[in-house]
Amino acid sequence: MSSASQASDLASFLAPTARPVKRKDIPVATLKQWLRDMMLIREFEIRCMQAYQDKKIGGFCHVYIGQEAVAVGCVAAIEPKDPLVTAYRDHGHALARGMAPKYCMAEMFGRIGGCAKGKGGSMHMFDRANNLFGGHGIVGAQTPLGAGLAFATKYEDEVINRGKSNRVTLCFLGDGALNQGALHEAMNLAGLMDLPVIFIVENNGYSMGTAIERGTTRADRIISKAAGYGIEGVEMYGMDVVQVYDAMKDLADRCRATSRPAFVDMRTYRYKGHSMSDPRKYRTREEEEQYEAHDPIGRLEKQLRSTNQLTDAEFESMGDAIREEVRECVAWADASPVPGIEELYHDVYVERWGPYTGTSLPSMLREMQ
Ligand SMILES: Cc1ncc(C[n+]2csc(CCOP(=O)(O)OP(=O)(O)O)c2C)c(N)n1
Ligand SMILES: [Mg+2]
């Protein structure tokens, strides 16, 4: 099965999406920050896997290891005011978006200090202050929310603030969500209503254990699905943070300026199993090793070293500081109390929110014309 999968051949799955980087002037300090951000996500998740084995973390746990360049590069390409929504493999997005790692770790531990007071867990990282509208556990369920967020920003910017729509929403999904009806309804509305949302498929070649071409038509060119809704599609190389940033910056700027949606086939790879209990029998070790040789952290580290912009000592102290920071997070999370039973009744239902109460969708659409 694995020998037939698209992802089994790195050269045909990834290489055609690699592009020369247009921006040659990215400051070294920024590149080092991206390196640090990706290293933090990886160390955070390595500690999560240990804590899961130690039964400190319950429920499901899906790690993002291998895909770090996607979240870091995409977040770097947008502004803090732009909303972001994602699926359940969400720790990387939360950290890249700026959530303090200790709140993320306490959420993993199911403790009151967590970003959702320990009631969401690994798959539900929310951070309103950083415009992160969650990780979501139902495959594809975040895609109508992505369209809705884009609608809300457009309505606020144009109707309430009487200006020009100037926010773009990033809506991440996995390749396993490609055939969910919700995505197609969301894309249809986004195309029809000119919603500034970018659907980013983190295409790691597999759903739980199903290779993409076993469940998806035109798996080699999924952007053709967006074309059916009049939505621009772009294929991107997701293993290089600089390429992700460079390509996403152009697309996000275009989407912001035109208020049109877009769709990205972001080729990437997850090194670990689908969740903590996946023995990865559907693919070979050789296949995994091909991708590990293209590791996004190793790539950027090598690039910075080869141009003498990163010394051994600096890289080592970066790693030490990150390991220490994550160790402290684990201690902080472990010391945070378990939520009390009364928490069952808090934060469950919001009766009124924002300026929309009492306004119907048809009247809002008329106001936006
Ligand atoms: C509607 C729905 N169906 C099935 C599941 C069970 N399920 C959880 S993850 C998953 C696979 C999703 O794969 P993909 O979207 O490629 O994301 P990845 O795990 O690769 O990040 C499935 C089928 C679910 N959570 N929701
Ligand atoms: Mg997948």
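This is a predicted model: local features need pLDDT of at least 70, side-chain atom pairs count only at pLDDT 80 or more; totals for chains, interfaces and linings use all residues.
View 1. When residues up to four places away in sequence are not counted, Glu158 touches Gly163, Lys164, Ser165 and Met368. The pair formed with Met368 spans 210 residues in sequence, although the two C-alpha atoms are 6.8 Å apart in space.

**View 2. Packing of helix 6 with helix 7.** Helix 6, which covers residues 142-160, and helix 7, which covers residues 181-192, have axes that come within 8 Å of each other and cross at roughly 20 degrees. Because of this angle, helix 6 is roughly parallel to helix 7, and the crossing of the two is left-handed. On the side of helix 6 the contact involves Thr143, Pro144, Gly146, Ala147 and Ala150, which meet Ala182, Leu183, Glu185, Ala186, Leu189 and Ala190 of helix 7. Sorted by class, the residues of this contact comprise 8 nonpolar, 2 polar and 1 charged.

**View 3. Packing of helix 2 with helix 3.** The axes of helix 2 (residues 28-53) and helix 3 (residues 68-76) are 9 Å apart, and the two helices pack at an angle of about 135 degrees. With that angle, helix 2 is oblique to helix 3, and their crossing is right-handed. Helix 2 contributes Trp34, Asp37, Met38, Ile41 and Arg42 to the contact, while helix 3 contributes Glu68, Ala69, Val72 and Ala76. The contact of helix 2 with helix 3 holds 6 nonpolar and 3 charged residues, and no polar ones.

**View 4. Burial along helix 3.** Helix 3 is mostly covered, with 9 of its 9 residues buried. The buried residues are Glu68, Ala69, Val70, Ala71, Val72, Gly73, Cys74, Val75 and Ala76, and Glu68, Ala69, Val72 and Ala76 among them also take part in the contact with helix 2.

**View 5. Val264 in the largest nonpolar core.** The largest nonpolar core has 100 residues, and those with the most contacts inside it are Ile198, Ile200 and Val264. Once its neighbours within four places in sequence are left aside, Val264 is in contact with Ile198, Ile200, Val201, Val234, Met236 and Leu251.

Methods: Residues are numbered from 1 along each chain as its sequence is written. Chains are lettered from A and ligands numbered from 1 in the order in which they are written. Axes are lines fitted to C-alpha atoms, for helices over the stretch in contact, and angles run from 0 to 180 degrees between N-to-C directions. Helices (H or I, at least four residues) and strands (E, at least two) are DSSP runs, numbered from the N terminus. Angles under 35 degrees count as roughly parallel, over 145 as roughly antiparallel, 65 to 115 as roughly perpendicular and the rest as oblique. A crossing is left-handed if the near helix is turned anticlockwise from the far one by less than a right angle, and right-handed if clockwise. Two residues are in contact if their C-beta atoms, placed from the backbone, lie within 7 Å. Ala, Val, Leu, Ile, Met, Phe, Trp, Tyr, Cys and Pro count as nonpolar, Asp, Glu, Lys and Arg as charged, and the others, Gly among them, as polar. A nonpolar core is a set of buried Ala, Val, Leu, Ile, Met, Phe, Trp, Tyr and Cys residues joined through C-beta atoms within 7 Å. A residue is buried if 20 or more other C-beta atoms lie within 10 Å of its own, exposed if 12 or fewer, and partly exposed in between; C-beta atoms are placed from the backbone.
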